[in-house]
Amino acid sequence: MSGAGAPDFFYREAQRLGYVARSAFKIQNQFKLITSGSSVLDLGCAPGAWLQVACQSLGPPRNGGSVLGIDIKKVKVPHVHCDSRVQTVCADVMNLPKSKLKSLSPKEKGFSVILSDMCPIVSGITTRDAALSVELGMQAVNLALGEAALGVGEVIHGKDKDSIDDSTSASDCDGVLRKGGHLVLKLLESEDTQEFSRMLKPLFRKSSWLRPKATRSSSREIYLICQSLQLQART
């Protein structure tokens, strides 16, 4: 729906083509991040539009590939545009160990594309909503790249690397994004969002900001598209 409350072009197109949300039109058509054989992780996958687009982008089933969606809500895989390569897991991303997440990837080798569509329930309090969006974005970075790769242990939940419990396994310091992989982060635009670009730009071949045409005019959503991870996590 548009900001005024009336159905707009992207809403109608999603309905016509069988997508469960307008978000189906936001990223893949422009950047082509998902290709035949990709292993895709969709964080915050409800209601499932990105699952549909990701599966379509893999090509026919004989091409292989996989799509894993994770959401705090239980999400049923849409029957349109999805096949057996798409699975969903109900889990709280904020409490999900990277070792567990990697075990859910093909051959436990991680993912080639990570899409974070996570967003807080908007309260209308701008500073609060922005802070929650940053927290979700940092957790997506943490899962994708690991504390060891970025030193984000100092940022996530106010911890520094020396405070990590000795029981933390090496696999929980490694991220689940493969070298050469792509990362997409959805954020609510604020004075803090540029910190993500400064942090991630050195680690990827290319990074850019995108406000998709399919985004509602009233929304502050903006996407950081990071292409081709150059560095692997270090322990």
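Which residues have the most contacts inside the largest nonpolar core?

**Figure 1. Overview of the protein chain in the predicted model.** The chain contains 6 helices and 7 strands. Read from the N terminus, the order of elements is α-α-β-α-β-β-α-β-α-β-α-β-β. Of its 235 residues, 49% are buried. When contacts between residues at least 6 apart in sequence are considered, 68% join residues at least 24 apart.

**Figure 2. The largest nonpolar core, with 32 residues.** L41, L101, I114, L145, L183, L200 and F204 have the most contacts inside this core. At least two core residues come from each of β1 (39-43), β2 (66-71), β4 (111-116), α5 (126-150), β5 (177-188), α6 (193-200) and β7 (221-229). The element that gives the most is α5, with 8 residues.

**Figure 3. Surroundings of L183, a residue of the largest nonpolar core.** Beyond its neighbours within four places in sequence, L183 is in contact with I114, A144, L177, L200, F204, L224, I225 and C226. Of these partners, I114, L200 and F204 are, like L183, listed with the most contacts inside the core. Another core, of 20 residues, lies apart from the largest one and includes L33, C45, L58 and V67.

**Figure 4. The second largest cavity, with a volume of about 30 Å³.** Among the 10 residues lining this cavity, G44, C45, A46, W50 and D117 are the closest to its centre. By class, the lining divides into 5 nonpolar, 3 polar and 2 charged residues. The structure holds 2 cavities of 30 Å³ or more. Rolling a probe the size of a water molecule over the atoms shows where empty space is left.

**Figure 5. The cis peptide bond from A46 to P47.** Omega of this bond is near 0°. P47 is located in the loop between β1 and α3 (49-57). A46 is also one of the residues closest to the centre of the second largest cavity.

**Figure 6. K107 and E108 in the loop between α4 and β4.** Most residues other than glycine have a negative phi, and most peptide bonds are trans. K107 has a positive phi, near 55°, and the phi of E108 is also positive, at about 55°. Why does K107 count as exposed? Its relative accessible area is 74%, which is over the 50% cut-off. E108 is exposed as well, with a relative accessibility of 51%.

Technical notes: Residues numbered from 1 in each chain as written. Predicted model: local features only at pLDDT ≥ 70, side-chain atom pairs only at ≥ 80, totals over all residues. Heavy atoms only, no water. 1 Å grid on protein atoms, 1.4 Å probe; cavity = no way out; pocket = protein on both sides within 12 Å on 5 of 7 lines; lining within 4 Å. Points joined across faces, edges and corners; volume = space filled by probe spheres on them. Nonpolar A, V, L, I, M, F, W, Y, C, P; charged D, E, K, R; others polar. Helix = DSSP H or I, 4+ residues; strand = E, 2+ residues; numbered from the N terminus. Buried < 20%, exposed > 50% of the residue type's maximum accessible area, 1.4 Å probe, protein only. Contact = heavy atoms within 4.5 Å. Core = buried A, V, L, I, M, F, W, Y, C linked by side-chain atoms within 4.5 Å.
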